[in-house]
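User: I would like to go through this protein with you, one question at a time. Please give the cut-offs behind each term when it comes up.

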Amino acid sequence: MRSHLQPFMQYLSEDKGLSPSTLESYGRDISQFMDFADERGLSSPEDIKRSHIMLYLAAQRGAGRAAATVNRNTVSLRAFFHYLLRERLIGQDPTLDMDKIKPSSKPPMVLSVEEMDRLLNAPGDDTPQGRRDKAMLELLYATGIRVSELISLNVEDVHTEMKYVRCTGASGKERIVPIGAMAAESVAQYTTGMRDKLLRGNLSEPALFLNSLGGRLTRQGFWKIIKKYAREAQIEQDITPHTLRHSFAAHLLEGGADLRSVQQMLGHSDISTTQIYSGIARKNMKEVYESHHPRAR
């Protein structure tokens, strides 16, 4: 079987035009599989059955290889045996319709309620920027909207008296999300007392949240803002603007909200996307139960 490796590599280089680094990966993956086959007395390509490949990939997973590594090996072996079939060196491709494994996704990072309180209380309220930043953070945590949706808001999109915000997602679909009293109050304090000071005479600017030049705040600008307050709040995790969205969803579910309502507020088209937060909520509920129930331990 090893005699076919060099012609295969030449085929990948000349016919497929693969880069040297990719060729190196293919060669290493297939050589490792050949070592595995040699240990089992499988010297000819015709000796290789689907079960052998499945056993090899299972051994990789058992050895703690990352899903991405196992998937790369799967791709390499599929290419090799497809080549052998193309050259009529085997009568059947043992990798036909072999699926890659799904990589395990990391759970979203969520702040605790106490950490959220520290973050939300970090901005000062004696400057226009502080009032603006407080309103933005409160609104993000109160609604779970994306940062792109936050900076796209116009003044008319947030109704503090009726306590709701109207936002438009990336797909152009509009949704209405309720906001709580604290977020509504923060936005009202910003719009009635401080936003005009940021306008710099640009009275025609419709954006709700303004930068220091009187224009619409950008994603990059907000990114710097949240990083600043995370440091001031002494939050050790490397948070992003999306962390507030994750925390919003997880805390709602912990509090007993139903999954469908959270899905609608987040603007997820598929409820399976929202279900990633259920595991966090269940885990936290278990911790609360074990900490407080007299017979939990």
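User: Is T243 buried or exposed?

Analyst: This is a predicted model, in which local features need pLDDT of at least 70 and side-chain atom pairs count only at pLDDT 80 or more, while totals for chains, interfaces and linings use all residues. Residues are numbered from 1 along each chain as its sequence is written, and side-chain values use heavy atoms, with hydrogens and water left out. Buried means under 20% relative accessible area, exposed over 50%, and partly exposed in between, with a 1.4 Å probe and protein chains only. T243 has a relative accessible area of 2%, and therefore T243 is buried.

User: Where does T243 lie, and with which residues is T243 in contact once its neighbours within four places in sequence are left aside?

Analyst: Helices (H or I, at least four residues) and strands (E, at least two) are DSSP runs, numbered from the N terminus, and T243 lies in helix α11, residues 241-254. Contact means heavy atoms within 4.5 Å. Leaving aside neighbours within four places in sequence, the residues in contact with T243 are M109 and L111.

User: How many helices and strands does the protein have, and what percentage of its residues is buried?

Analyst: The protein has 14 helices and three strands. Among contacts between residues at least 6 apart in sequence, 58% join residues at least 24 apart. Of the 297 residues in the protein, the buried share is 43%.

User: Which residues does Y229 contact, leaving aside its neighbours within four places in sequence, and how far apart in space are Y229 and L119?

Analyst: Y229 lies in helix α10, which spans residues 219-232, and counts as buried because its relative accessibility is 4%. Beyond its neighbours within four places in sequence, Y229 is in contact with L119, A122, P123, G130, D133 and L137. Y229 and L119 are 110 residues apart in sequence, yet their C-alpha to C-alpha distance is 6.3 Å.

User: Which element gives the largest share of the lining of the second largest pocket?

Analyst: A pocket is found on a 1 Å grid over the protein atoms alone, as an open set of points where a 1.4 Å probe fits, with protein on both sides within 12 Å along at least five of seven lines, and lining residues have an atom within 4 Å of a point. The lining of the second largest pocket consists of D117, L120, N121, K134, E138, Y141, A142, G180, A181, M182 and A183. The elements that give two or more residues to this lining are α5 (113-120), α6 (128-143) and α8 (181-193). The largest share, four residues, comes from α6.

User: How do the residues of that lining divide into nonpolar, polar and charged?

Analyst: Ala, Val, Leu, Ile, Met, Phe, Trp, Tyr, Cys and Pro count as nonpolar, Asp, Glu, Lys and Arg as charged, and the others, Gly among them, as polar. On that basis, the lining of the second largest pocket divides into six nonpolar, two polar and three charged residues.

User: What kind of aromatic pair do F33 and Y56 form?

Analyst: Rings of Phe, Tyr and Trp (its six-membered ring) pair if their centres lie within 6.5 Å, and planes under 30 degrees apart count as stacked, over 60 as edge-to-face and the rest as tilted. The structure holds ten aromatic pairs, and in this one F33 belongs to helix α2 (residues 20-39) and Y56 to helix α3 (residues 50-62), 23 residues apart. F33 counts as buried at 1% relative accessibility, and Y56 is also buried, at 6%. With 5.2 Å centre to centre and 80° between the planes, the pair of F33 and Y56 is edge-to-face.

User: Why is the pair of F80 and F81 edge-to-face, and which residues do ring pairs link into a cluster?

Analyst: The ring centres of F80 and F81 are 5.4 Å apart and their planes stand at 70°, so this pair is edge-to-face. F80 is buried, with a relative accessible area of 0%, and F81 is likewise buried, at 0%. The cluster linked by ring pairs consists of F8, Y11, Y26, F33, F36, Y56, F80, F81 and Y83.

User: Is Q234 buried or exposed?

Analyst: Q234 is found in the loop between α10 and α11. Although Q234 is not a glycine, its phi is positive, at about 60°. At 66% relative accessibility, Q234 counts as exposed.
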